[in-house]
Protein chains: 2
Amino acid sequence: MNEAFEKIEIEKRDRIINCAFKEFSKYKFDKASTNNIVKEANISKGLLFYYFNNKEDLFEYLSEFCVNTILEEIKNNIDWNITDIFERVKQVVFLKIRITERYPYIFHFGKLLFDSESKDLIFKNRDLMELSSKIYSYNIDFTKFKEEVELKKAINIIRWTLEKYGEESSNRFKGIDKEIDYDALLEEINSYIEVLRIAFYKGEYL
Amino acid sequence: MNEAFEKIEIEKRDRIINCAFKEFSKYKFDKASTNNIVKEANISKGLLFYYFNNKEDLFEYLSEFCVNTILEEIKNNIDWNITDIFERVKQVVFLKIRITERYPYIFHFGKLLFDSESKDLIFKNRDLMELSSKIYSYNIDFTKFKEEVELKKAINIIRWTLEKYGEESSNRFKGIDKEIDYDALLEEINSYIEVLRIAFYKGEYL
DNA sequence: TTTATAATTGACTAGAATGGTCAATTACAT
DNA sequence: ATGTAATTGACCATTCTAGTCAATTATAAA
């Protein structure tokens with residue numbers, strides 16, 4: 001089915017994937033238009049259905065591609081020896097940005113998968129959910145946290161802050177085709193992380 | 001145009017508004033279906049277009065209704081004398097929940113307006129943006145904050161935490177028709193606020 | 001009861017968009 | 001020169017679209 005798709009030039013492949021990611025995350029499965037995808041990706045209608053049997057297969061492919069790409073990029077590049085949660089989180093942010101540079105809509109699509117009510121999609125996300133919880137727990141030194149704060153809640157706040165920062169930046173750059181200055185973004189994220197460090201760590205760890 | 005709509009029974013009016021809010025926030029303007037709206041709202045196709053000239057007018061009406069409803073509920077019920085930011089925020093959360101009980105999709109629709117690229121919609125939101133910034137600044141006693149934390153960032157983190165908590169709960173209840181226990185929700189939000197208070201306030205204000 | 005007005009219906013358009021097909025063409029190796 | 005794989009886009013049946021309108025029902029007034 002997608003043997004043909006797997007061996008085309010990487011640039012073209014990514015272009016198609018990105019257009020499909022965009023269309024699906026904008027309009028969900030039903031209202032997403034294959035016509036739109038091929039137009040945006042600059043390929044013919046026939047070619048898309050030469051690569052994928054039908055719309056559903058395309059979506060299926062994207063789902064796996066999305067999950068696997070994120071999973072592998074993070075699993076292969078994260079340093080699990082680091083025990084400081086903020087350093088851990090910085091790494092993840094860095095890796096996410098790297099993924100986003102190549103696949104700008106991958107996390108939007110991931111959110112779509114995640115928010116979906118369909119049972120089998122949720123199942124697909126189990127690996128991703130496991131990774132997500134591992135990021136915020138595996139080998140982390142929680143003794144650095146103030147004892148008065150509820151750990152779980154503090155961690156949620158950390159996670160939410162990063163997610164919301166990501167969403168708001170992504171919105172800020174929507175429509176504007178000026179190249180995004182990821183270094184500046186990363187720097188600002190770091191300063192947010194510093195605020196969170198002061199907020200949640202005991203004095204001796206600042 | 002909407003004189004007819006304004007004077008129908010309130011229950012029916014709210015039903016139509018809510019179905020339209022839902023459809024538009026799910027599929028955006030173009031892909032939202034008036035057929036779907038009338039089916040969900042249990043009214044005839046003709047009636048919807050008797051109330052509103054066309055789809056665009058309906059959307060227009062909803063935009064204003066959305067902004068005005070939120071604006072008024074908050075403006076009329078907030079106590080601007082309270083100077084503690086967390087007490088301020090608690091009030092807002094309470095009011096938002098009250099609005100949500102009546103119009104479950106109003107904030108989803110609001111987000112749609114907010115994220116829109118269309119210039120005139122952004123303009124409509126100016127009042128809402130002004131209110132939003134007033135909530136987190138007017139008459140607030142910022143001296144309670146630790147001096148080491150950057151105020152603006154701390155405030156964003158507070159805002160984001162509440163927004164994300166709202167979104168995640170809203171997702172959690174999606175599909176489930178069991179009645180939502182808003183009191184339990186409010187209590188949990190309070191506990192998050194306590195975490196934030198510890199995080200950002202000087203010791204003497206805890 | 002009659003009459004006038006307003007509210008409501010749903011079958012009905014004309015046109016657009018949909019996912020998907022396929023014979024024909026091009027590109028590319030051998 | 002030949003065979004295979006990649007690519008096109010016109011085409012199709014079907015579904016869906018926003019919007020209309022003559023007919024019906026409900027409401028209120030006289």
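Biologist: Which residues come nearest to DNA strand C?

Modeller: Please keep in mind that this is a predicted model. A residue is near a strand if its C-beta atom, placed from the backbone, lies within 6 Å of it. Around DNA strand C there are 19 residues, and those that come nearest are Ser33(A), Gly46(A), Asn54(A), Lys55(A) and Gly46(B). Two or more residues are given to this surface by each of helix 3 (34-41) and helix 4 (45-51) of chain A and helix 4 (45-51) of chain B.

Biologist: Which element gives the largest share of the surface near DNA strand C?

Modeller: That is helix 4 of chain B, with four residues. By residue type, the surface near DNA strand C holds seven nonpolar, eight polar and four charged residues.

Biologist: Which residues come nearest to DNA strand D?

Modeller: Of the 19 residues around DNA strand D, the nearest are Gly46(A), Ser33(B), Gly46(B), Asn54(B) and Lys55(B). Here the largest share, four residues, comes from helix 4 of chain A, and the surface near DNA strand D divides into seven nonpolar, eight polar and four charged residues.

Biologist: How many residues does the contact take from chain A and from chain B?

Modeller: The contact takes 24 residues from chain A and 24 from chain B. On the side of chain A that touches chain B, helix 2 (10-31), helix 10 (151-172) and helix 11 (182-200) of chain A each give two or more residues, and helix 10 of chain A provides the largest share, eight residues. That side of chain A divides into ten nonpolar, four polar and ten charged residues.

Note on methods
Residues numbered from 1 in each chain as written. Chains lettered and ligands numbered in written order. Predicted model: local features only at pLDDT ≥ 70, side-chain atom pairs only at ≥ 80, totals over all residues. Nonpolar A, V, L, I, M, F, W, Y, C, P; charged D, E, K, R; others polar. Contact = placed C-beta atoms within 7 Å.
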